Structure formats: C-alpha cells, structure tokens
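Let's take a walk through this protein together, one stop at a time. Have a look at the model first, and then we'll start with a pair of charged side chains.

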Amino acid sequence: WVCVYSTHDLKKIDSTKSELFKNFYGEKFELGKMIPLTTTHKNKYTAQQTKDVWDKFEKFLIEEKFEKIFEIGTGFGGLIEFIHDVSKDNNIKSEIITIDIDSVNSRLIELGINNLQLDALDVNNMPNFDKFLNTNEKLLILCDGWNKPNEFNVFSKFLKIGDFIMAHDYCIDDDYFDRYIKYKKWNWCQIKEVDISQTCKKYELEDYTNINFQDEMWVCKTKKTETKKSLF
C-alpha cells in the first residue's frame with residue numbers, strides 16, 4: 001500500500017506525472033485492477049517481485065552455485081540481499097555487483113556487495129565491470145533495469161558455457177500477458193521473447209526449465225552445453 005488517506009481522488013491522478021507515484025505504477029489507478037508491486041520474505045527482504053519468487057531463487061542458487069552475480073537494477077536492494085544471504089548461508093562463495101542509476105544502498109555496501117551508481121547501458125561505463133564479466137567463474141546476469149531488452153541483448157555476449165542470464169517483467173508475448181497475467185498476477189510486461197530471440201539464436205541460449213521462473217515474470221536462459229547436430 002502506498003497511501004491510506006488522501007485529500008485527492010486517486011483515480012484522477014496521472015501516475016505518469018505524479019512525483020509520489022511515478023516510480024511505482026506505470027498506469028492510472030483503476031478499482032479492482034491494482035496488483036501488489038512488492039512482496040516481503042521472512043519479514044526481512046522486500047522487493048518488486050511476486051510472492052513465490054523467493055523460494056524459486058533459493059532453490060536455483062543452491063543448485064547452480066554461482067561464483068559471480070551481476071545485477072542491473074538494484075531497486076530496493078531486497079532481492080540481491082536475499083541472493084547474497086542464500087549464497088553465504090549455503091557456503092557458496094559469490095562475488096556480487098549490483099548497478100542502478102539511482103543512489104547506492106549503504107546496507108548492501110556493508111554486506112560486501114559492490115553497489116555502483118551507473119547506467120549499465122552507457123558504453124562509457126563498460127570498463128567499470130568488463131573485467132568482472134570476462135571471467136572463467138560461473139556467472140549469473142540479472143537484467144532488471146530501465147531497459148531490460150537492451151540489457152539482455154548487450155550482456156548476453158559475456159556468457160560462456162554453463163552461465164545464465166535472466167530478465168524480469170517478462171512474458172512470452174502480449175496476447176498471453178493480456179489474457180492470463182495482467183490484472184491477475186502482475187501488471188508489468190517490459191520484455192518479450194521477440195525482443196531477445198535473435199540474441200538467443202546468436203549466442204546459443206536456451207530456456208532453463210528445471211524451475212518455472214516464467215510464472216514469476218522472469219525469463220531464464222543458459223548457454224548451451226553442447227550443440228546437437230543431426231547425422232541425417
């Protein structure tokens with residue numbers, strides 16, 4: 001909940017211009033159509049995620065044991081703090097960088113997470129994390145910034161065999177989103193399969209299906225471990 005009482009009619013507020021709401025909702029308030037923007041896990045972590053994302057990420061991290069994690073779009077910082085804690089609690093040594101165009105989160109810095117205030121898509125900023133991404137260690141890239149399709153397409157080139165890339169606010173296409181997701185589960189679709197299909201083909205990325213992240217509005221792709229060729 002953002003507001004309990006207001007002297008204004010909230011249904012008449014243009015959420016795209018209001019200073020109070022511009023960072024939270026991308027459309028006007030409509031009775032019966034507002035979907036919760038955040039969830040809180042274990043009374044500690046709060047993020048702009050669906051309620052089931054926490055358990056799925058925990059299982060994913062324990063199974064894959066990433067040595068380097070690169071997040072674009074720090075937001076509240078709740079998700080990356082959760083990822084840090086899950087890795088630490090399971091003796092997974094993960095070096096983490098999280099990037100956002102807004103100010104850094106001092107709590108994340110205290111935890112040992114490298115939080116940078118940068119535009120990840122600005123080519124002038126690439127030297128700041130180029131060495132981190134060019135690594136022999138197992139890498140996970142999370143795209144949750146202001147331009148998720150571009151983030152996915154730009155940073156996929158750093159993946160090697162066994163690495164993963166994910167992007168939030170994903171739905172396979174507009175029709176599926178309008179029929180089954182919007183006003184029911186999640187109100188934000190900022191990246192679709194058509195936006196990344198050419199990149200996936202170019203870098204041989206395939207869907208990760210062990211865990212159903214698509215129900216939590218995440219696309220999850222991994223670099224193919226082998227290229228199968230037909231003999232006939």
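Start with Glu137, which forms a salt bridge with Lys68; their closest N and O atoms are 3.9 Å apart. This pair links distant parts of the chain, since Glu137 sits in the loop between H4 and E6 while Lys68 belongs to strand E3, 69 residues apart. How buried or exposed are the two partners? Glu137 counts as partly exposed, at 32% relative accessibility, whereas Lys68 counts as buried, at 9%. Keep in mind as you look around that this is a predicted model.

Side chains of opposite charge can pair when their charged atoms come close. In this structure there are 15 salt bridges, so let's visit a couple of others. Lys56 and Glu216 meet through their side chains in a salt bridge, at 2.9 Å from N to O. Lys56 lies in helix H1 (residues 53-64) and Glu216 in the loop between strand E8 (205-207) and strand E9 (218-223), so this bridge ties together parts that are 160 residues apart in sequence. Glu216 is buried, with a relative accessible area of 2%.

Now step back for the overall picture. The protein has 232 residues, and 47% of them count as buried. Its secondary structure comes to 7 helices and 9 strands. Take the contacts between residues at least 6 apart in sequence: 62% of them join residues at least 24 apart.

Time to go inside. In soluble globular proteins, nonpolar side chains tend to be buried together. Here, the largest nonpolar core has 28 residues, and those with the most contacts inside it are Phe70, Ile99, Phe129, Leu133, Ile141, Phe152 and Phe155. Which elements give two or more residues to this core? They are strands E3 (68-72), E4 (95-100), E6 (139-143) and E7 (164-168), along with helices H4 (130-133), H5 (148-155) and H7 (193-202). E6 gives the most, with 3 residues.

Leaving aside neighbours within four places in sequence, Phe155 is in contact with Phe70, Ile72, Ala120, Leu121, Met126, Phe129, Leu133, Ile141 and Ile165. Apart from this core lies another one, of 26 residues, among them Tyr45, Phe57, Ile83 and Ile96.

With 12 residues at 1.5 Å a residue, H2 should span 16 Å, and its end C-alpha atoms are 16 Å apart, which agrees. Is H2 mostly enclosed or open? Of its 12 residues, 10 are buried, so H2 is largely enclosed by the rest of the structure. The buried residues of H2 are Gly78, Leu79, Ile80, Glu81, Phe82, Ile83, His84, Asp85, Val86 and Ser87.

Carry on just past H2 and you reach Asn91, which takes a positive phi of about 55°. Most residues other than glycine have a negative phi. Asn91 is in the loop between H2 and E4, and it is exposed, with a relative accessible area of 73%. Lys42 also has a positive phi, near 55°. You'll find Lys42 in the loop between strand E1 (39-41) and strand E2 (45-47), where Lys42 counts as exposed at 60% relative accessibility.

Tyr180 is found in helix H6 (residues 174-181). With a relative accessible area of 47%, Tyr180 is partly exposed.

Note on methods
Residues are numbered from 1 along each chain as its sequence is written. This is a predicted model: local features need pLDDT of at least 70, side-chain atom pairs count only at pLDDT 80 or more; totals for chains, interfaces and linings use all residues. Side-chain values use heavy atoms; hydrogens and water are left out. A nonpolar core is a set of buried Ala, Val, Leu, Ile, Met, Phe, Trp, Tyr and Cys residues joined through side-chain atoms within 4.5 Å. Buried means under 20% relative accessible area, exposed over 50%, partly exposed in between (1.4 Å probe, protein chains only). Helices (H or I, at least four residues) and strands (E, at least two) are DSSP runs, numbered from the N terminus. Contact means heavy atoms within 4.5 Å. The expected span of a helix is 1.5 Å times one less than its number of residues. A salt bridge is a side-chain nitrogen of Lys or Arg within 4 Å of a carboxyl oxygen of Asp or Glu.
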